[in-house]
Amino acid sequence: QLNDFLKLKILDYIAPEVSQVIGPPSNSTECSGEITEQDLSRLFDSDGSGFVVIDHFMPAEVVLSVRKEAEEMTPELQNAGMGRQGEKWLDKTYRGDRFKWLSSADVSAYPAIQAWMEKIDKLRTRLNRFSKFDLTRSEIQLAMYPGNGSRYVRHRDAFAGDDNRKVSVLFYLNTNWTETQGGELRLHLASSTIDIQPHANRVVLFLSDKIEHEVLPA
């Protein structure tokens with residue numbers, strides 16, 4: 001049986017053809033901020049390859065405030081590891097982001113991030129109403145890819161049989177992002193491969209144990 005590290009090395013050699021790129025959001029200034037029933041149906045697609053992209057998730061001025069507060073936390077970020085508890089390793093070739101888990105106490109001095117966390121918690125409640133999941137809490141991670149080719153190779157956010165994580169929610173803070181900066185999210189679906197550009201105020205949702213994905217070099 002292959003260990004997690006060898007599985008990642010094998011997957012990293014597989015270079016699928018990208019069938020779709022989800023590009024810049026519309027120029028609308030209207031804040032949508034809600035996940036619709038149609039979105040939820042797509043998320044819980046029967047073959048497990050459903051995902052949702054929501055643009056204009058919060059008012060633009062709030063996003064700028066969240067980014068500013070996140071930048072103030074940059075000195076607290078740590079190098080990210082990979083693998084299960086007891087089998088973790090550090091290798092920037094495979095995962096090069098820096099991160100910090102956030103608790104309510106951590107963000108008590110950051111009102112914009114607090115408002116964002118409250119919005120994510122409301123999203124959790126809505127997911128519970130629509131699905132069979134009993135999502136009792138949200139885990140919030142602040143992550144930054146510092147450039148120089150930093151990436152995260154193909155993986156899932158939850159191991160098979162792991163009940164701790166059900167739905168992954170990504171919220172981007174990359175204002176004025178351009179393709180030369182890299183860092184796109186690549187989803188490996190059952191019948192296609194999709195690249196999602198990481199524009200600010202964009203939210204991406206998918207099932208943590210179903211969809212393999214990667215962050216392309218930044």
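1. Valine 21 has aspartate 195 as its bridge partner in β9. The strand that pairs here with β9 is β1 (residues 20–22), and the two run in the parallel sense over 3 bridges; strands are said to pair if DSSP finds at least two bridges between them. Helices (H or I, at least four residues) and strands (E, at least two) are DSSP runs, numbered from the N terminus. This is a predicted model, in which local features need pLDDT of at least 70 and side-chain atom pairs count only at pLDDT 80 or more, while totals for chains, interfaces and linings use all residues. Residues are numbered from 1 along each chain as its sequence is written, and side-chain values use heavy atoms, with hydrogens and water left out.

2. Aspartate 195 also stands opposite arginine 186. Strand β8 (residues 185–188) is joined to β9 by 4 bridges, and these two strands run antiparallel, with a hairpin of 4 residues leading from β8 to β9. Both faces of β9 (residues 193–196) are covered, since Thr193 and Asp195 on one side and Ile194 and Ile196 on the other are all buried; buried means under 20% relative accessible area, exposed over 50%, and partly exposed in between, with a 1.4 Å probe and protein chains only.

3. An open sheet is formed by 3 strands in the order β2-β10-β7, with antiparallel pairing. Its edge strands are β2 and β7, each of which pairs on one side only. From one strand to the next the twist averages 15°, where axes are lines fitted to C-alpha atoms, for helices over the stretch in contact, and angles run from 0 to 180 degrees between N-to-C directions. Between β7 and β10 there are 5 bridges in the antiparallel sense, and serine 168 has phenylalanine 206 as its bridge partner in β10.

4. Helix α3 (residues 60–72) has 13 residues, which at 1.5 Å a residue should span 18 Å, and its end C-alpha atoms are 19 Å apart, which agrees; the expected span is 1.5 Å times one less than the number of residues. Its buried residues are Val63, Val66, Glu69 and Ala70. Seen down the axis of α3, these residues fall within an arc of 130°, so they line one face of the helix, the arc being that of the directions from the helix axis to the C-beta atoms. The face turned away from this buried side carries the exposed residues Ala60, Glu61, Leu64 and Lys68. The buried residues of α3 pack against α4 (111–130), β5 (140–144) and β7 (167–171).

5. The largest nonpolar core has 32 residues, and those with the most contacts inside it are Ile113, Trp116, Val167, Phe171 and Leu205; such a core is a set of buried Ala, Val, Leu, Ile, Met, Phe, Trp, Tyr and Cys residues joined through side-chain atoms within 4.5 Å. The elements giving two or more residues to this core are α2 (37–43), β2 (51–54), α3, α4, β5, β7 and β10 (203–207), and its largest share, 7 residues, comes from α4. Leaving aside neighbours within four places in sequence, isoleucine 113 is in contact (heavy atoms within 4.5 Å) with Val66, Glu69, Ala70, Met73, Leu102 and Val107. A second, separate core of 11 residues includes Tyr172, Leu187, Leu189 and Ile211.

6. Aspartate 163 is found in the loop between β6 (152–155) and β7, and counts as exposed because its relative accessibility is 59%. Aspartate 163 and aspartate 209 are 46 residues apart along the chain, and their C-alpha atoms are separated by 9.2 Å.
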